[in-house]
Structure formats: structure tokens, C-alpha cells
Amino acid sequence: MIKEVKLPEVSENIEHGDVIKVLVSVGDEISIDQPLIELETDKALFEVPSTEEGVVKEISVKEGDVINIGSVILKVETNSKEIKEQTSDKKEQTADNYVNKESVEINNDKESKSSEKIELKKPENENAQNIKSKNISVTDTESELADNENVKASGAHDKILAPASPSVRRLARELGVEISSVSGSGKDGRISEDDVKSFVKASMNKSGSSTLTLSGKSLPDFSKWGEVRIEPMSKIRAVTAEAMSYSWTAPMVTQFDKADITLAEDFRKKYSEFVKSNGGNLTVTSMLVKICTEALKKFPQFNSSIDLNKKEIIYKNYFNVGIAVDTERGLLVPVVRNTDKKNILEISAELNVLAEKARSKKIMPDEMDGGNFTISNLGGIGGTAFTPIVYSPQVAILGVSRASKEAVYINDNFIPRIMLPLSLTYDHRIIDGADAARFLRWICEALENPMYLLL
Ligand code: CAO
């Protein structure tokens, strides 16, 4: 039997993506979960896995194509009895592993009238992330509901997240409109092209001229002065540029401090093999995820977002920490979720998986959503200090530079200590300088004396 493999829904608000690479050829025998294409969307670059097993009969996409959710990627001959049995065995196995109470819809063919329904149990641990990314067609109804609740709990957050399709965002960008300033007239505040155009008209009427932040004057012709090469921006670069420009509208200040991590380094060395045997790497970053989570609990304004239109502060009672990961394709920020409920062992293992997925193009857009605070560790590369930019609508980010041995003056003596330079950039609209100094000092003291966490 010939079956179509279609592009499943990959994330909220993502309607299409660019095919960067086709990873299989006609005649190939493919298995379930085997990567078929590399797809780049407004949010990420990732591999789309197969939902079928069999022999590729026809490939319907090529590099450079823009394909929509539901588009046919390829057709597979699955009618060999053997293949069929293996496929259903595999599907059942997957179901058995995560079996039962929750009804989860296998949504691999959204348009198909006969979408399969099987009973799956919600995974009991954070492997949920893996399941979601491996079988991206599986919709975890409960977690989606939870996400929605989080969003609903904060009307302002809705606003900041600005529900709009990529084409509407593009129109807004072209018109120099900050999409989060536009009120959506659609369901749940969804913003349409007409909403953007009305916003432009209203802005122009208000002032008699354009009050929009038009995105800059045109560039000079650089080729007048020498040879140039012009390349289109990758989606990730364009999205990073847009996100950073949006962030830049917040008034930010950076606070610097240094932590004496001599003891923490001893601790790290002592337990690194143990953590490795549990699948993680005990690194400064994983320790900081845990420490920052405790700091966020102590200083809730760092775990918030603000809505200036409504004059509201949204305090979040969940703890999701984003980690800046340097990849070939650019900066990606996967999110470790519910860090308050995980120990350092679990966080270290999850961080390893997420960083590896980001680097190997397997990270899914959903795995980069929902962060409340970000850590950017450039210390493995070098540098004595830097000023990271807050990843709005978050309100703070911790920059980590390279730890090094320094002569520290203690009790009338210079003693060699390992010092870690930290820089905390914060949104000054919601965080005062004194609070930032206290927050960062708290992190330094927790690093210097891990028992601090117990107090
Ligand atoms: N000071 C000194 N050494 C450090 C360090 C620091 N701050 N951070 C890491 N290192 C060391 C580690 O100890 C490790 O050394 P060993 O191999 O001898 O143990 C080595 O550098 C490599 O560490 P790592 O990078 O594998 O692990 P990590 O958990 O420390 O960092 C990650 C993980 C994902 C944060 C990192 O790999 C990365 O991608 N960093 C770049 C982030 C980035 O691009 N930020 C800029 C964003 S724009 O604001």
C-alpha cells in the first residue's frame, strides 16, 4: 500500500517552513523516526522524522521549497506484509511504553479523516520531551492544556507572545510595526493582516505622520569601497535579529560580580564521574541552573514579565530556565523545564540531551518555548566579562565568563582562588539596581557555599 508522509504540526503558530535538505532518496528503505528532511521555520531548524516505514516511492519536496503543515513530503510503499507487521509492532511498542490513561491523538495526518487514536499514558518523567521530539505527531493534550493555562493566566503574556502567523509577522516587520503592540481581532486575540494595517492607519492618523519605528535608513553601497559578498540571512539569524531588536526596546543594565568557585570546583571534580554515570556532565552551567532556580524563588520579580499596556506584572509560579547554546547555525536557546522539581543529576542529563539536540538539528520549536530566565555561558570559549541581552519578555539573563585562578587577598595574605566572573543583565523597568546586586550576590554566595541552598 502507498502511504503519504505529511508535514505534521510542529509548533503553535508555525504554518510552514523551508526545506533545507532532503535526507532520503527514491528507493531508500526508511524506518519510523528516520529523519526525512531538514526543515527551517521561524523558530528553529530541525529534522522531520518519518511516521511510516517502507520503501520511498516518490519525493514531493525539494531543497528550497516552502512547505505547509499537512503538505506531502513523500510517498512510501508499505504493503510488504513484513514491513506492515514490523510497523504495527513498533507502534504498539511505543504505545506500550507510555501506556494508558491519557488519550493522545496520533495526528500524523491532520487532513486524514481516519486519524488513528490510541491510548497512551502520559510519560512519567522528562523523557516526555524525547517522545514529543521523536514522534512529533503525538500531541500531549495535557501538557498543551497546561501551556495554554499558563498563557491564559497572564493576559499580558498573551499580548507579549503576540499570536500571529509568520506572514502577518513579516508584514508587520516590513511596515516597521512592533507586532506585540497590535491588538488582534481574531479568536483568542489572533492578529490578522488587517489588524496590522489598521494599526498603521491609526498610528498615522494620531500624529498626522508616521510614528512607527521604521527599521532604519538604507545602507550605503559598500561595493564602492571594495569587494562584497551578499548572502540571504538564515531563518535563525533573522529570528535572532528580530528577537534582539525587540529586547533592545527594554532599558537594560548589567551588574557584574565574581564568585569564588574553588570549593564548587572541588565538588564538581569529585562528583563528575558519578554524574556522568547518570548520563550528564556536571558543569558550571548545570550547577548554575539549579542555583538560579533557587534565586528565582527568593527574588520572584526575576521570574516575571511585565505588560506596560495593562500596567501589570506577571509573576510565574513555574521555573523554566533557558540555556544559550552555540551551534553551527547560530544561537539556540533550549529550555530546561520545571527546574525546581529536578535535582542537579537530572538537570545535567537533560542539559546534555538538549544541547546535543540543538547542535545536531534535532531540537523542536516547543523545546525552546516557555523560558523564564536564561543562562549564557561563554566561559568555555573565553572572555573576562560581557553584557548579555535579556531575552524579552523575560526580565533577566545571567552571563558567565571564564573562571580563572586569581590571587585573592584574604586575612592579610594573597591566596590563589578560582574566580568566576558573572554578569547579570536585567530589565530596569521592573528590577531595581539594588535588587539586581542582591540577586547576583545571592548566586555568588550559593556557588561559594552550596550549603546556602539548604537555608
Ligand atoms: N569557565 C571556565 N571553564 C568553563 C566555563 C567557565 N565559565 N564553562 C565551561 N567551562 C569549561 C568546562 O568545564 C569544560 O571543560 P572540561 O572539558 O575541562 O571539563 C569546557 O569548558 C567545555 O564545557 P561545555 O561547553 O561542554 O559545558 P558547559 O555546560 O559549561 O556549557 C553550553 C554548555 C551549552 C552552555 C556551552 O557548550 C555553550 O554552547 N556555550 C555558548 C553559549 C553562547 O553562545 N552564549 C552566547 C549567547 S549570546 O548572549
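**Close-up 1. Strands 15 and 18 in the shell around the ligand.** Strand 15 (325-327) and strand 18 (373-377) each contribute at least two residues to the shell around the ligand; helices (H or I, at least four residues) and strands (E, at least two) are DSSP runs, numbered from the N terminus. This is a predicted model, in which local features need pLDDT of at least 70 and side-chain atom pairs count only at pLDDT 80 or more, while totals for chains, interfaces and linings use all residues. Residues are numbered from 1 along each chain as its sequence is written, and side-chain values use heavy atoms, with hydrogens and water left out.

**Close-up 2. The residues around the ligand.** You will find 18 residues surrounding the ligand, and the closest are Thr283, Arg359, Ser376, Ser401 and Ala403; a residue is near the ligand if one of its heavy atoms lies within 4 Å of it. Sorted by class, this shell holds 7 nonpolar, 7 polar and 4 charged residues. Here Ala, Val, Leu, Ile, Met, Phe, Trp, Tyr, Cys and Pro count as nonpolar, Asp, Glu, Lys and Arg as charged, and the others, Gly among them, as polar.

Close-up 3. Ser376 places a polar side-chain atom 2.9 Å from a nitrogen atom of the ligand. For Thr285, a polar side-chain atom is 3.1 Å from a ligand oxygen atom. On its own the ligand has 970 Å² of accessible area, and the protein covers 66% of that (Shrake-Rupley method, 1.4 Å probe; for residues, only the protein chains shown count as cover).

Close-up 4. Helix 9 (residues 284-298) is largely enclosed by the rest of the structure, because 13 of its 15 residues are buried. Buried means under 20% relative accessible area, exposed over 50%, and partly exposed in between (1.4 Å probe, protein chains only). Leaving aside residues up to four places away in sequence, Leu288 touches Ile375, Leu398, Val400, Leu422, Ile443 and Leu447, where contact means heavy atoms within 4.5 Å. Ile443 is 155 residues away from Leu288 along the chain, yet their C-alpha atoms are separated by 8.2 Å.

**Close-up 5. Thr339 in its loop.** Look for Thr339 in the loop between strand 17 (335-336) and helix 10 (344-359). With 0% relative accessibility, Thr339 counts as buried. Beyond residues up to four places away in sequence, Thr339 touches Val289, Lys290, Thr293, Phe319, Asn320, Val321 and Ile347.

**Close-up 6. Helix 10 and its two ends.** At the start of helix 10, a side-chain oxygen of Asn343 comes within 3.1 Å of the backbone nitrogen of Leu345. The buried residues of this helix are Ile347, Ser348, Ala349, Glu350, Leu351, Leu354, Ala355, Lys357 and Ala358. After helix 10 comes Lys361, with a positive phi near 65 degrees.

Terms used: Polar contact = N/O pair within 3.5 Å; in protein donor to acceptor, adjacent residues only side chain to side chain.
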